[in-house]
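Colleague: I have a model open and would like to go through it with you. Could we take it piece by piece?
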Amino acid sequence: MRIQDAIESVIADHSFVAALAVMGVVVWGSHAVARRFTGGRIHGSAIAIAVGLCLAYAGGWATGGRKGLADIECLAGIGLLGGGMLRDLAIVATAYGVRMQELRNAGMAGGVSLVVGIVIAFVVGSTTAYAFGYRDAVSMTTIGGGAATFIVGPVTGAAVGAGSDVIALSIATGVVKAVVVMIGTPLIAPWIGLTSPRAALIYGGLLGTTSGVAAGLAATDERLVPYGAMTATFYTGLGCLVGPSVVFVVIRSLVG
Amino acid sequence: MTIYGTAILAICLLVGQIAGVLLGRAIGIDANVGGVGIAMLMLIGVTSSLQHRGRLVPATQNGILFWSSVYIPVVVAMAACQNVRGALAGGAVAIVAGVAAAAAAFAMVPVILRSASVVREPADGVHGEA
């Protein structure tokens, strides 16, 4: 009992260090599984991300909280390691070694993909909302924003005066999309030609969810990460811009 | 020293994020528009100019490369912090809308890729890109 107390208090005091240890074990185990059981056909990082999502589910189930594994007290350090601050630092670091020429070549296509991606998200999200009986412009726009990213949804909802239940739904929609992108990208990459920096720039602009794109590309081909992340980082801002303004006005004129 | 590289990286992120927030304010929204993207462009610019002048010694590079090499575990930790249970409990509309939005965007990748390469082909020829 004494020993258990000692271990618990040390881990609680060193929760960031514990997070590094846990992540190291998860990544190592995932690569070992990928090598041994799939012959390297499934990327070790893809398995690691899937394991991370399962752990997040388990954490939510065990604690009833919203931050996955980070809600478990002695694993709170995972929240710092996987939070926005260090994630952004690591994403920016991946840009080291990117060739400027690649960016210039696909610059225009990246811009087009951003606009198309945001339009698609709002169209798909608001029509789905309509089909499920959310037929007022406020709810349709908010859930449409959630289909863009889990930040665009609540920002749009707050701006157009949506209720907290609809806002919660839009966040859930955004998280489902991010999870689908994390798991789906490595599986679907060969079919959609996601093999070059140019394709990654377009993919980042179309999908837009920074967490989904960051993890999806990591599980597909790590060298593509900076290109996809570059365009995806503009998506949420643009979505927050057009959601409560242009999109809301258009949807309101359509459904009254 | 290694910290020089990490400091360059950190300064790029901070300046980029500030620029992103200011850009958001300029267009009238309370959100960060492309802060990380701006930081990435800055890092590419700063490091290539240092490299050009021979000032980017291996120790400095290591300060950047370390953070890019821990990218995967950071992303796995990020995945482990998602509200997966809440998302699945959100109900059918959240699941259908989330899956459909991802599927529709995936389907557009080859479409834009194809039209982009049609437009780009002659330009690539002129530049003699491999």
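Colleague: What share of the contacts in chain A with a separation of 6 or more comes from residues 24 or more positions apart?

Modeller: The model is a predicted one. In chain A, 65% of the contacts with a separation of 6 or more are between residues 24 or more positions apart.

Colleague: And what is the figure for chain B, counting contacts with a separation of 6 or more?

Modeller: For chain B, residues 24 or more positions apart account for 52% of those contacts.

Colleague: What secondary structure does chain A have?

Modeller: Chain A has 12 helices and zero strands. Chain B has six helices and zero strands, and its pattern along the sequence reads α-α-α-α-α-α.

Colleague: How much of each chain is buried?

Modeller: In chain A, 59% of the 256 residues count as buried. In chain B, the buried residues make up 45% of 130.

Colleague: What about the overall dimensions of chain A?

Modeller: The C-alpha trace of chain A spans about 65 × 45 × 30 Å along its principal axes. Its radius of gyration is 20 Å, which agrees with the value near 18 Å that a compact globule of 256 residues would have.

Colleague: How is chain A divided into domains?

Modeller: Domain 1 of chain A covers 2-82 and domain 2 covers 101-255. The C-alpha centres of domain 1 and domain 2 of chain A lie 27 Å apart.

Colleague: How many residues does each domain of chain A give to the contact?

Modeller: Six residues come from domain 1 of chain A and eight residues from domain 2 of chain A. On the domain 1 side, four are nonpolar, two are polar and none is charged.

Colleague: Let us turn to the chain pair. How many residues of chain A and chain B are in contact?

Modeller: On the chain A side there are 92 residues, in contact with 62 residues of chain B. Helix α6 of chain A (residues 100-131) supplies the largest share of the chain A side, 14 residues.

Colleague: How do the residues on that side of chain A divide by type?

Modeller: The side of chain A that touches chain B has 65 nonpolar, 21 polar and six charged residues.

Colleague: Which residues touch the most other members of the largest nonpolar core?

Modeller: The largest nonpolar core has 133 residues, and those touching the most other members are A:Ile49, A:Val92, A:Ile202, B:Val75 and B:Val76.

Colleague: What does A:Val92 touch, leaving out residues up to four places away in sequence?

Modeller: With those left out, A:Val92 touches B:Leu9, B:Cys12, B:Leu13, B:Val36, B:Ala39, B:Met40 and B:Leu43.

Colleague: And A:Ile202, where does that sit?

Modeller: A:Ile202 is one of the buried residues of α10(A). In helix α10 of chain A (residues 197-207), 11 of the 11 residues are buried, so the helix is largely enclosed by the rest of the structure. A:Arg198 is among those buried residues, as are A:Gly204 and A:Gly205. Just after α10(A), A:Gly208 takes a positive phi of about 80°.

Colleague: Why is helix α8 of chain A described as largely enclosed?

Modeller: Helix α8 of chain A (residues 152-160) is largely enclosed by the rest of the structure because seven of its nine residues are buried. Those buried residues are A:Val152, A:Gly153, A:Pro154, A:Val155, A:Thr156, A:Gly157 and A:Val160.

Colleague: What covers the buried residues of α8(A)?

Modeller: The cover includes α7 (137-148), α9 (164-188) and α12 (225-255) of chain A. Just after α8(A), A:Gly161 has a positive phi of about 80°.

Colleague: Now the loops. Is A:Asp136 buried or partly exposed?

Modeller: A:Asp136 counts as partly exposed because 16 C-beta neighbours lie inside 10 Å, whereas a buried residue needs 20 or more. A:Asp136 is found in the loop between α6 and α7 of chain A. The C-alpha atoms of A:Asp136 and A:Leu254 are 10 Å apart, with 118 residues separating them along the chain.

Colleague: Where is B:Gly90, and is B:Gly90 buried or exposed?

Modeller: B:Gly90 lies in the loop between α5 (84-89) and α6 (92-127) of chain B. B:Gly90 counts as buried, with 23 C-beta neighbours inside 10 Å.

Colleague: What is B:Gly90 in contact with, apart from neighbours within four places in sequence?

Modeller: Those neighbours aside, B:Gly90 is in contact with A:Leu169 and A:Ala172. B:Gly28, 62 residues from B:Gly90 in sequence, is 31 Å from it in space, C-alpha to C-alpha.

How values were computed: Residues are numbered from 1 along each chain as its sequence is written. Chains are lettered from A and ligands numbered from 1 in the order in which they are written. This is a predicted model: local features need pLDDT of at least 70, side-chain atom pairs count only at pLDDT 80 or more; totals for chains, interfaces and linings use all residues. Domain bounds come from an automatic or database domain assignment. Two residues are in contact if their C-beta atoms, placed from the backbone, lie within 7 Å. Ala, Val, Leu, Ile, Met, Phe, Trp, Tyr, Cys and Pro count as nonpolar, Asp, Glu, Lys and Arg as charged, and the others, Gly among them, as polar. Helices (H or I, at least four residues) and strands (E, at least two) are DSSP runs, numbered from the N terminus. A nonpolar core is a set of buried Ala, Val, Leu, Ile, Met, Phe, Trp, Tyr and Cys residues joined through C-beta atoms within 7 Å. A residue is buried if 20 or more other C-beta atoms lie within 10 Å of its own, exposed if 12 or fewer, and partly exposed in between; C-beta atoms are placed from the backbone. The radius of gyration is taken over C-alpha atoms; the globule rule is 2.2 Å times the number of residues to the power 0.38.
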